[in-house]
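Here is a short briefing to read with the model open beside you. Take a look at the chains, then follow the points below.

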Amino acid sequence: MATDSSLTSELTPERSAKHPEEVSIIDASLRTPLVVLIGSALVWLLIASVLGVVSAWKLHTPAFLDACEFVTYGRVQPAQTNAFIFGWGFNAAFAVSLWLMARLSRGALPGSGVLLLGAVFWNLGVTLGIGGIILGFSTSLEWLEMPGFATPLLLVAYALIGSWSLVVFRAGRSHQIYASQWYLIAALFCFPWIYSVAQVMLVFSPVRGTVQSIIHAWFSSNLFLLWFASIGLAIIYYFLPKLLVKPVSNYYLASLSFWWLVIFGSWAGGARLLGGPVPAWVQTVGTAASFMLVVPLVILGMNHYGTLAGRWSVVKENLSLRFIAFGIVALSLVLVAWVVGAIHGVAQIIQFTHVTTAQIQLGLYGFFSMVVFGALYYIVPRMLDTAWANAPLTTVHFWASALGVVVLVGSLAIGGVEQGLRLADGSIAFAAVTKATLPYLFAATIGFVILAIGQLAFVLNFFWTLSRASAPAVRTMKGLLAAQPEAAR
Amino acid sequence: MSADQNNHFFYDQSDASDESIQAVHSQLLHQKPEPREGYKAMPLFLLGLVSSMIFVTSIYVVQHRVGFSPMVYDERFEPKDTAGGAVAELTPEQIVAAGKKHYTSTCVACHQANGQGVAGVYPPLAGSDWVTGNEERVIRVLLHGLTGPIDVGGTTYNGAMPAFGKVTGGGYNWSDEKVAQVLTYIRGEWGNQAAPITKDKVTEVLNAEKDRGKPWTQGELDPFK
């Protein structure tokens, strides 16, 4: 719109920014904690990729590695999910959100001791938790499998890490708050809320009966919508205007979609129980709240695609934008699938089939991980003050990830719909239905293998780049204030 | 190629600076499009979308809330399906029991629990040919009421029986089913041994007299004796 284009000229490039040194000081102050967080995220990503291949393989070839109790499907699969979510997802989200918050608030990290301690505790907690799952202490609640002796450590570590985003937010010198910061702060406060409620009501002092499944559906849908989607949206809202040098289209609507998502997203979990053994009104409210997601879907679409419109050639050229654009499309598909899946007739077919897995993989891999990859391709070279070590590896990473997501999600979605239709047909035996999903499960394994190749390329590239980076210059908040005393507020 | 761009990121930082992103968007946030410039049909469409989503989902919730009951597990459950079926299946004993309930909540005030009425004021129901006689007459009495002097078992009463049916000027508006139940009860109680009265018969009488808006008198009811 007209107002947008007139403001485009006010977006000044970084090289001619008012405080040119500020950016490098902020990046340098974040360097050590970010290297630790991203490094551990990538190690977990690699572990999750390997476990993903193993568990996918066992699904169609049960005899694979069946002699050892530690790698039975019931342990490998939750270990993979938890390594992916709490190992890769959270470490990466911590790193990216800290960087985004520091950059947007224009505040450097005052010190990194507590933050590093938090990072160590977090990874210790995840290691304990996944070790517990492998050793057979799983709680058997999806995404909450980590045994009770590991999770309090996670919450403590979260408090140590998460509070630093608020510290840089407060210490920053920006007087405006941008959409990315809304989402970051919302995510920051939502996670301890949903995680502690789920832990107390499901693990430490379990509620009785069907309330368990309601709490669980509420937890898992909120973990996606209020944590992963919020972090992902913060990244998208930051990088679109930054890399396209163009204001977000229809930006004034962003706050509406933010509140809408936070309020109704919290209720949308009930739709995951359609047809399940829970009171009908819970399903009804869940379906209604899921329908409400149409509004943020449309507004996010106007914001994102409206900004991308006419700039697709830039997307093709820019590695970060390619990942982020892929994530934007995946997010739209996730929300569309969410809304459509909440329709009673559709849920009758796809509920409790491989489609559910496809939706989760599309959300966590296709949307969240891809968007985070895009952000990391931008952040890492600036943080380390050096370019990516190897260009072909980045190309391999993008195409393997994109292809892997398409193969994995596509095969599970198509296979799941077919599975659902066959399950609804009383004349087909259950064993026959299960057997008919084999080709799709095999295709999903191929998807996991392709993804693993892509992740390996990325991890190699990161540590290669890290090894080439020079020793960090010691720069802290003091340096920032010394550089621009007149800018202090 | 992307890698080239990355290789030269520190020579050519052409991306928008964080400060300008903040400044431009905080302007945009408070800048609603005015009708005179840069106005698009989009916001209007969005307003429609938001309103219709709220409207449609509210109706959906109301339609499928099933009373927010913790005992109902299927949102397509219709409470009246089972309730309606159950009423059609009432046994004769249940009909009499329902009639007794209606009698003791309302009729008992005048006609007494033993059906003897109050001497000289309210006529008895036990052993009265008004009750056990032609069903056409007793249905009419209950539906529209009765006024003026009447002769019951040789005694003359001069009171007023209110209208209980769904008739003009009636204060009770009992359903035909309820009328049939209470009549069945009084025709079989206190030694009375008249046949039960069906709901369909009450409906038939009500339809035959649908223009009547005032209570009967003894003279008017003589044809139905």
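Which residues of the largest nonpolar core touch the most other members? They are A:Ile38, A:Ala95, A:Val96, A:Ile235 and A:Val371, in a core of 176 residues. This is a predicted model, where local features need pLDDT of at least 70, side-chain atom pairs count only at pLDDT 80 or more, and totals for chains, interfaces and linings use all residues. Residues are numbered from 1 along each chain as its sequence is written, while chains are lettered from A and ligands numbered from 1 in the order in which they are written.

**Nonpolar cores**
- A nonpolar core is a set of buried Ala, Val, Leu, Ile, Met, Phe, Trp, Tyr and Cys residues joined through C-beta atoms within 7 Å; buried means that 20 or more other C-beta atoms, placed from the backbone, lie within 10 Å of the residue's own.
- Helix 7 (residues 211-244) of chain A gives the largest share of this core, 23 residues.
- Another core, of 28 residues, lies apart from it and includes B:Leu125, B:Tyr157, B:Met161 and B:Ile186.

**Helix 8 of chain A**
- Helices are DSSP runs (H or I, at least four residues), and strands are runs of E (at least two), numbered from the N terminus.
- Buried residues of helix 8 of chain A include A:Phe258, A:Trp260 and A:Phe264.

**Hairpin in chain B**
- Strand 1 (residues 146-152) and strand 2 (residues 155-161) of chain B run antiparallel, joined by seven bridges; pairing takes at least two DSSP bridges.
- B:Leu146 has B:Met161 as its bridge partner in strand 2 of chain B.
- Two residues separate these strands in the hairpin, and B:Gly153 in the turn has a positive phi of about 55 degrees.

Notes
A residue is buried if 20 or more other C-beta atoms lie within 10 Å of its own, exposed if 12 or fewer, and partly exposed in between; C-beta atoms are placed from the backbone.
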